Amino acid sequence: MINLTKLSGVEITLNCDLIETVEEVPETVITLSNGKKILVKESRQEIINLVKCYKKELYSVGIPKL
């Protein structure tokens, strides 16, 4: 999950696994896998970095030994 800011200033948390595309036209438009579009203040590169950090954190935990 990544934290983003809508153009209205409302902060949201988005499941980044639902992201289909991210475009800057000039505002940043995120298209989700269900077709819904979200306009956010963060740049395309910022979103890429947030997703990378989230995935790195998620997959670095590993599987606990029983």
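I began with burial: buried residues make up 23% of the 66 residues in the protein. I call a residue buried under 20% relative accessible area, exposed over 50% and partly exposed in between, using a 1.4 Å probe and protein chains only. I keep in mind that this is a predicted model, where local features need pLDDT of at least 70, side-chain atom pairs count only at pLDDT 80 or more, and totals for chains, interfaces and linings use all residues. Residues are numbered from 1 along each chain as its sequence is written, and side-chain values use heavy atoms, with hydrogens and water left out.

**Layout.** I found 1 helix and 5 strands, in the order β-β-β-β-β-α along the sequence. These are DSSP runs numbered from the N terminus: helices are H or I with at least four residues, strands are E with at least two. The C-alpha trace spans about 50 × 20 × 20 Å along its principal axes. I also looked at contacts, meaning heavy atoms within 4.5 Å. Of those with a separation of 6 or more, 36% join residues 24 or more positions apart.

**Surface and charge.** The accessible surface comes to about 5,000 Å², and 55% of that belongs to carbon and sulfur atoms. The areas come from the Shrake-Rupley method with a 1.4 Å probe; for residues, only the protein chains shown count as cover. I then took the 9 positive and 9 negative charges, whose mean positions are 5 Å apart. Lys and Arg count as positive, Asp and Glu as negative, while His and the chain ends are not counted. Each charge is placed at NZ of Lys, CZ of Arg, CG of Asp or CD of Glu.

**Core.** Which residues form the largest nonpolar core? I list 10: I2, L4, I12, L14, C16, I30, L32, I38, V40 and I47. At least two residues of this core come from each of β1, β2 (11–14), β4 (28–32) and β5 (37–40). Such a core is a set of buried Ala, Val, Leu, Ile, Met, Phe, Trp, Tyr and Cys residues joined through side-chain atoms within 4.5 Å.

**Cysteines.** I counted 0 disulfides, a disulfide being a pair of cysteine sulfur atoms within 2.5 Å. For C16, the nearest cysteine sulfur is that of C53, 11 Å away. Are these two buried or exposed? C16 counts as buried because its relative accessibility is 6%, while C53 is exposed at 54%.

T5 sits in strand β1 (residues 2–5) and counts as buried because its relative accessibility is 18%. Beyond four places in sequence, T5 touches V10, E11, L39, V40, K41 and E42.

K6 lies in the loop between β1 and β2 and is partly exposed at 34%. K6 and I38 are 32 residues apart in sequence, yet 7.5 Å apart C-alpha to C-alpha. With neighbours within four places left aside, K6 is in contact with I12, I38, L39, V40 and K41.

T13 is in strand β2, partly exposed at 48%. I noted M1, I2 and N3 as the contacts of T13 outside four places in sequence. T13 and M1 are 12 residues apart in sequence and 6.2 Å apart from C-alpha to C-alpha.
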